[in-house]
Amino acid sequence: MLDRIQAYIQEHSLFSPTDKLLVAVSGGLDSVVLAHVLHKLCVEFAVAHCHFGLRAEEADADEQFVRKLAKQYEVPYFVEFFQTKKFAEQEGISTQMAARALRYEWFERIRQTQGLDYVATAHHQRDTAETMLLNLTHGTGLAGLHGIRPKTGHLVRPLLAVSKPDLYDYVVENRLIWREDASNDSPVYQRNRLRLEVLPVLRDINPSLDQTLSITAERVGGAEEIVRRYVEETAAQAQRTEPEATYLDIRMLQKTAATAVVLHELLRPFGFSYLVVKDIVQSFGAESGRRFESPTHLLVKDREQLVITPRNLQKFGTQQLQAGQEALKIDGLHLRTELLEITEGFEVPRGKAVAALDADALKFPLTVRAWQEGDWFMPIGMKGKKKLSDFLIDQKVPLNLKDNVQVLVSGDGKIAWVIGFRPDDRFKVTEETERVLVVKRM
């Protein structure tokens, strides 16, 4: 099986021998096999594990298992503890959808901050069949019928050519231990019902169902390629990407054939459903300010353009700045710190991109997070409280970009700096200050 996987990696140019991977490991059979295979192939990788807070002690045991597995392979280990139910309730989506949005956003963030080349997941041949049928049941376009691709951007799936029975044979042959997730047998989840009740019937009709659907997915993928080229031509004329947002020209979109279909393809990377896209098209002639949301992005109709910005999912995770830590990178945010002793002639640095804070007034670790409703601080120069929501209105921060505003919070819960705007008066440098922590946004 190792030779087959290696050939598959080379055939689809998933990654090169010198690339470094972030491997998503849940502790289940599939991901345990993936980690073992990559280890055997001498691929350099780190392990990432998501704790979604959904299965109490069982999830805690999974995390400990994966932590030991990473130690066994002597590779870096990353773990995040998500507030999945809170996110799902806020967005009005299922816990599975919430977990997917949170984990892939986190995987990409770790990949970038750690200088890794790809994120690898343990999807296999049976996952392709399940995904195709599930998408067809819910209603889908060409993208849903091509199943799971071997490579999507920085996401790779080295096991797609491997069947589930092959994976079982591999763990037996190599005497691997894995964790069973009891939720995999729960009929509450649609994919489980499809796997346990529907697919066995279809395999009675066609014992080679997984392979047949894999071939069908390949043919659909060819048709999708034709559509993709047309969409690319449209994007070249209608789409403009800036660091803070993506812009789409409504007038150019209106000239395309099957506007909703084309727009759906353009918006696919941002997670908008086809039904929402149809509503967006209907808004072309409406007033400015119409808002549309996906689990990961916000789209606003602004005059003759659509403005798309990422939603900040980091508020459902944590990022901390430890005492003595000189840098912190979070997606597009890069902070650098410098601890200075006050000497004669010291001048407090000024500007929106820098904060000079009384180091001894801070409690470590500091936390960087998205601002939240109810947050307040004391803008430097003021003695009273100011709601952060009111402060952002006063600063005329565009609706789309408010979600990107982050705060640096002292360990005692006090906001020390609204990053990129203004420090808090309680942490300002005074005549009594002996040490200054200078934090710069790079």
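**Figure 1. The whole protein and its surface.** The protein exposes about 23,100 Å², and carbon and sulfur atoms supply 50% of this area. Accessible areas come from the Shrake-Rupley method with a 1.4 Å probe, and for residues only the protein chains shown count as cover. You are looking at a predicted model, in which local features need pLDDT of at least 70 and side-chain atom pairs count only at pLDDT 80 or more, while totals for chains, interfaces and linings use all residues. Residues are numbered from 1 along each chain as its sequence is written, and side-chain values use heavy atoms, with hydrogens and water left out. Of the 442 residues, 45% count as buried (buried means under 20% relative accessible area, exposed over 50%, and partly exposed in between, with a 1.4 Å probe and protein chains only). Along the principal axes, the C-alpha atoms fill a box of roughly 80 × 60 × 40 Å.

**Figure 2. Helices, strands and overall build.** The protein has 14 helices and 22 strands; helices (H or I, at least four residues) and strands (E, at least two) are DSSP runs, numbered from the N terminus. Its radius of gyration is 25 Å, close to the 22 Å that the globule rule gives for 442 residues, so the protein is as compact as a globular protein of that length. This radius is taken over C-alpha atoms, and the globule rule is 2.2 Å times the number of residues to the power 0.38. If you look at contacts between residues at least 6 apart in sequence, 67% join residues at least 24 apart (contact means heavy atoms within 4.5 Å).

**Figure 3. An open sheet of five strands.** Follow the order β12-β16-β19-β20-β21, in which the pairing is antiparallel. Two strands pair if DSSP finds at least two bridges between them. At the edges stand β12 (319-321) and β21 (422-423), each with a single partner strand, so one side of each is left without a neighbour in the sheet. Further in, four bridges join β16 (residues 366-370) to β19 (residues 406-409). One place to look is T367, whose bridge partner in β19 is V409.

**Figure 4. Strand β22 and its partners.** Strand β14 (residues 333-341) runs antiparallel to β22 (residues 435-441), and seven bridges join them. Here L339 stands opposite L437. Strand β15 (residues 354-358) also pairs with β22 in the antiparallel sense, over five bridges, and D358 stands opposite V436.

**Figure 5. Strand β10 between two hairpins.** Is β10 mostly buried or exposed? Five of the six residues of β10 (residues 297-302) are buried, so this strand is largely enclosed by the rest of the structure. A hairpin with three residues joins β9 to β10; the two strands run antiparallel with three bridges, and F292 has L299 as its bridge partner. A hairpin with two residues between its strands is formed by β10 and β11. Six bridges join β10 to β11 (residues 305-310), and H297 is partnered by P310. In the turn of this hairpin, R303 has a positive phi of about 55 degrees.

Figure 6. G289 sits in the loop between α13 (274-282) and β9 (291-293). With 42% relative accessibility, G289 counts as partly exposed. Leaving out residues up to four places away in sequence, G289 touches V300 and K301. From G289 to R303 the distance is 8.2 Å, C-alpha to C-alpha, and the two are 14 residues apart in sequence.

**Figure 7. Backbone angles worth a second look.** Most residues other than glycine have a negative phi, and most peptide bonds are trans. R175, in the loop between α8 (164-174) and α9 (190-205), has a positive phi of about 55 degrees and is exposed, with a relative accessible area of 76%. A258 lies in the loop between α11 (250-253) and α12 (259-267), with a positive phi near 50 degrees. The peptide bond from F364 to P365 is cis, with omega near 0 degrees; P365 is found in the loop between β15 and β16.

**Figure 8. D117 and its contacts.** D117 lies in the loop between α5 (95-113) and β4 (118-120) and is partly exposed, at 28% relative accessible area. Which residues is D117 in contact with, leaving aside neighbours within four places in sequence? They are T18, D19, K20, R111 and H154.
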